[in-house]
Amino acid sequence: MSKSATSLLACLLLPMLVWGQSAADDPAPLLEKLGELPGVEHADSTLLWTQGARSFPIVAVVGDRPVLETAVGQIRAERAAFRNPEALETLDELLALASAAGLGSQPGSDSGFSLQASPLTGLRLAGPQQLVVSEGVLQRMPTAKNQAADEIARLNTALTALVAALPKSGIGPLAQQAAADFLELLPLPDGGRAIDEVEPSLARRLLRCGWLSGIPALAALEQAPELEQAVQAVCALRPVGVFAGPGISLVRMTDAWGSGGWVYKTPTQTAYAMPSALPMYHWPAQDSLGEAVVVVELGDELTGNGGSASLWHERRCLARWTAETGLEADQDLWREVVPARGRRLDANIVSDYMPPHIVVRNLQGDVIEILSEGGRLRPPADTSTEEARRFLANAAAVLPDAPAIDLIGQYLFAYVYDSPDNTLPTLIGNTRVKGEIHQDSFETLATAAGGVCRGDCDDLSELFASIAQLQGKLVQVISLPMHVAAAWAEEREGAWHTFVMQTGPTLEFVAPTLPASLEQAFRSFDESASFDANEIELTLRFSGENTRSSWLLGYRIFADVEYNRFMLDVCRDWHFQTYLQAFHKMQGLIASGNHDTANYRELSALASRTGQFALAVDYQDKVLERTDDPRSRLTMNLELIRYALEAEQNERAHTLARDILSQQLPTLRDRMSDIEVARLGLELADILADGDALELARDCLAETVLPFIDGLQPSIIRYVNGGNFDAARWQGELVLRDLLRSSAFAGLRMLDQLGSGALRDDPVLRRLAASAQVYVDQLLTVDAFGRADLLSRYAAAARFYETVLGEEELRTLVSQTDWPTAPDYDHRQRMGGLIQLPADLPWIKASVSYWYGALAGLFGEDHENIDGVLAGELFAQLQAAEVQARVLGLHSPNAESQLVLAGLITALAQQDAARLRSVLAEVKTRDDRSLREQCAGWLGLSARLLEIEWYDSVIAIWTEVLDYKPKYFLIAWQAAMNDAPQHALLVAERAVDRFPDDTAFIEELEFMRKLFAAPSP
């Protein structure tokens, strides 16, 4: 039985207390033991409980409860009863009813009754077999045998049958695994799970509310009806405790796991009581409200005349609602039980966190409504768009501010991982098997089951944003490290308040300026992250994609409605890759006198995206002219180096890089953490390596990264190999893990480009190589995020072996090895170095990511033509690896996407029109933004290696099969930026032919013609 159910039982039924000692002649010890109680008086040698003209002697104390002498014998009284100003008047009535029924005993002896202050029935006398309430006397009645164990056994049988039948459903292996994992929760009790894991009660609610029928392939299985019926049976409420009398009854109703409550019926009312709903993210209140009870008096209905709801904690009423008065709460008592701030709450918790409210649920736990000071919020009643609109308008009207809107995330939203198959979006993933789907608000509200919607951080953020937008707030959905949140800012009394709403507590950050407030917000999620107020990362969606994409915009979008609207329109141009339109808009904005720094950054980015790198340098210089903060200037200088290298302004780029290392970074070291310095060094080294400034890149790593890694790596190794290693905590160290991994592979890149022969004479390279080897030997498999990620880590190990042995030598060894055969293999047990190679080879062979990397490498910059035969051989190896990964239970959504893209690459290399058409049809069916964009990117990236006639056919097939308008010019610009301008123009012309009425497309084509027109003979 749950803690809350136990508390409710204690509150509503019979406390079986041990009888205490008799009163002494001197009442002083009793008075001391009682402490402060209202109405207790000391008269001569007697203690009395007095209210008005009525009084009862207190003759003993049992525990902390006074014992009263009455006409029907001695009774124990709950201390809460003393807070009731009409308690003794009611007690007289109850004693008269008990006496008339012949209950109790002679004065001076134990009556067997206790006086209870029940939130549901009011004051009552409770005995082992009777309850005396104001309406009469109730007797305990026999109940039918509890069938819960049999019903759970039936559920297990039905579950086993359906899970065994999943291969017949026709859904993919990953979807089958996700479905099995989810359904296997059904017979389990709640508790003991992480906050991001599905509770079994939620799984049962979804099945009870028709979840299975929403997945036709599963609902069509012949075992499905029995499973649904078994779930309905275990969730059905049955009486397990009954007290009844003439016209009155008190019945405890529970499901097979003991969840439910008490129903009280009299000739004039029907009411029920149940444990309070617990907030998802208010940690102290999860404890305190675990002892709380909600009482609902129905009247005609809860929504009709006479209805009321109240929330009780330790027999004290925290809040009460009636249709006439609305919500009334004891503010001091509320904050005693539900603190707005505290030791277990984030220091940046929103002001007035968790304001007074009552969550009204039925006895099965379905949310009927949330009653707050702003009004009544009713969750979606069905999946219709009309009902979603009704809910959004309702929420916007009754939840006026961030702490009030937060109640939705606390009670009306359950965190679940996305389906691994976006063609089955209502399937529920888990930490092992999950995908990425960003529901819009209507899609999220359509998941409501029993009043509770479901999704992950991006889904809740978009829902929060939709409500805040209806209230006129300038809200954005922002991107944070491995997280998404809704955010807006308000200026109040000379300070800026930034509100961040998320799958977690709502936060508030206050600073004198908007940029400072935003910086506090972003750094609260990653202290080591660089922050620039002119590059706030948002997530946006323009064409109904299944996921949002990231965009960088200046801080003014949080404060200026017109600027926000203007910049979102520019982002739309970026989305369609109609860069000329964005150029014109930004240049016009500057010409109008708006010289905001972010505007010049936008222009420099547009210039670089269109290959105008000298122009990008010029705009970046204007950015620097307007940037005073040294840290922001450092970030801007990194971009400038990248543009300068692309513009072949190498001397300027190298000079600036040296200045960063010798002057700018040392000046800022006291303002930057070691992690920040290392991350910045990695970024600079990567830029320099891209620009063939290899020695400078090596020096950068030596000065910024190696000192940090040399000091950190040994302690990390000790930790992961020690007895205190916490895998969940390690997975949460996203920044640190990424830094270690990036540092290792930055070193490998240096070795690849400089050649392993350079190791002999270069101590820096030797240190980089040693760091990479330590990572591969000690941290590689520990760093895998679940079993599905293991094979991608072996692909990373292959990078190390390729550096040491050579690409062809490793591929030969991999091809000659056997497949792995031990699913329970301990991947953390590693010998290290080349001695480890034979043990790693089978797992590398089974890695789809390894073969995908090899196949993608055929299109590398060092290739002048494409080997279609080799592409076919590598694709066959990849397909075999994918089959083996499934056998081992190590397949992943990422591998599924790589399988599709590998088919695309092979079709391009082999000029296989049929395969290309098939792959693009699958991409269209999946309707996944990321996969579609990667597909379009490959069409552009591969252009330079494909004959123009075949490429014309490729784009014709794209138009025929996929025909996704926003990505035509993505293909074109990718081709142009990868040395295939004529292929790029071919795609642009095809786009204009396909959409002849789109003037932006027509102008973009002319823009590209001017940039890439062949020189005159």
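**View 1. Valine 67 stands opposite arginine 76 in strand β5 of this predicted model.** The model is predicted, and local features require pLDDT of at least 70, side-chain atom pairs count only at pLDDT 80 or more, and totals for chains, interfaces and linings use all residues. Residues are numbered from 1 along each chain as its sequence is written, and side-chain values use heavy atoms, with hydrogens and water left out. Helices (H or I, at least four residues) and strands (E, at least two) are DSSP runs numbered from the N terminus. Strands β4 (residues 65–70) and β5 run antiparallel and are joined by four bridges; two strands are taken to pair if DSSP finds at least two bridges between them. The hairpin from β4 to β5 passes through two residues. Strand β5 (residues 73–77) is mostly covered, five of its five residues being buried. Here buried means under 20% relative accessible area, exposed over 50%, and partly exposed in between (1.4 Å probe, protein chains only).

**View 2. Strand β5 also pairs with β6, in the parallel sense.** Three bridges join β5 to β6 (residues 110–118). Within this pairing, serine 114 of β6 is the bridge partner of arginine 76. Together with helix α3 (residues 87–100), strands β5 and β6 make a left-handed β-α-β unit. A crossover is called right-handed if, with the strands pointing away from the viewer, the path from the first strand over the helix to the second runs clockwise.

**View 3. Leucine 188 occupies the loop between helices α5 and α6.** The loop lies between α5 (173–183) and α6 (200–208). Leucine 188 has a relative accessibility of 32% and therefore counts as partly exposed. Leaving aside residues up to four places away in sequence, leucine 188 touches Arg193, Pro200, Arg204 and Trp257; contact means heavy atoms within 4.5 Å. Between the C-alpha atoms of leucine 188 and serine 201, which are 13 residues apart along the chain, the separation is 8.3 Å.

**View 4. Strands β18, β19 and β20 form an open antiparallel sheet on which two helices pack.** The order of the strands is β18-β19-β20. At the edges are β18 (357–361) and β20 (375–377), each of which pairs on one side only. From one strand to the next, the twist averages 20°. Three bridges connect β19 (residues 367–372) with β20 in the antiparallel sense, and leucine 371 stands opposite arginine 376 of β20. Helix α11 (residues 385–398) touches β19 and β20, and its direction makes about 150° with that of β20. Axes are lines fitted to C-alpha atoms, for helices over the stretch in contact, and angles run from 0 to 180 degrees between N-to-C directions. Helix α12 (residues 402–411) touches β18, β19 and β20, and its direction makes about 155° with that of β19.

**View 5. Helix α23 is largely enclosed by the rest of the structure.** Of the eleven residues of α23 (residues 694–704), eight are buried. These are Leu694, Leu696, Ala697, Arg698, Cys700, Leu701, Ala702 and Thr704. Their cover includes the helices α21 (650–668), α22 (674–690), α24 (706–721), α26 (734–754) and α27 (763–779).

**View 6. Arginine 811 is a buried residue of helix α29.** Helix α29 spans residues 807–816. The relative accessible area of arginine 811 is 9%. Residues up to four places away in sequence not being counted, arginine 811 touches Tyr850, Trp851, Ala854, Leu870 and Leu874.

**View 7. Helices α36 and α38 pack roughly parallel to each other.** The angle between α36 (residues 948–961) and α38 (residues 981–994) is about 30°, and their axes lie 10 Å apart. Angles under 35 degrees count as roughly parallel, over 145 as roughly antiparallel, 65 to 115 as roughly perpendicular and the rest as oblique. The crossing of α36 and α38 is right-handed; a crossing is left-handed if the near helix is turned anticlockwise from the far one by less than a right angle, and right-handed if clockwise. On α36 the contact is made by Ile948, Tyr951, Asp952, Ile955, Ala956 and Thr959. On α38 the contributing residues are Gln982, His983, Leu986, Val987, Arg990 and Arg994.

**Setting of the views. The protein chain contains 39 helices and 28 strands.** Along its principal axes, the C-alpha trace spans about 120 × 65 × 60 Å. Of the 1017 residues in the chain, 57% are buried. Among contacts between residues at least 6 apart in sequence, 60% join residues at least 24 apart.
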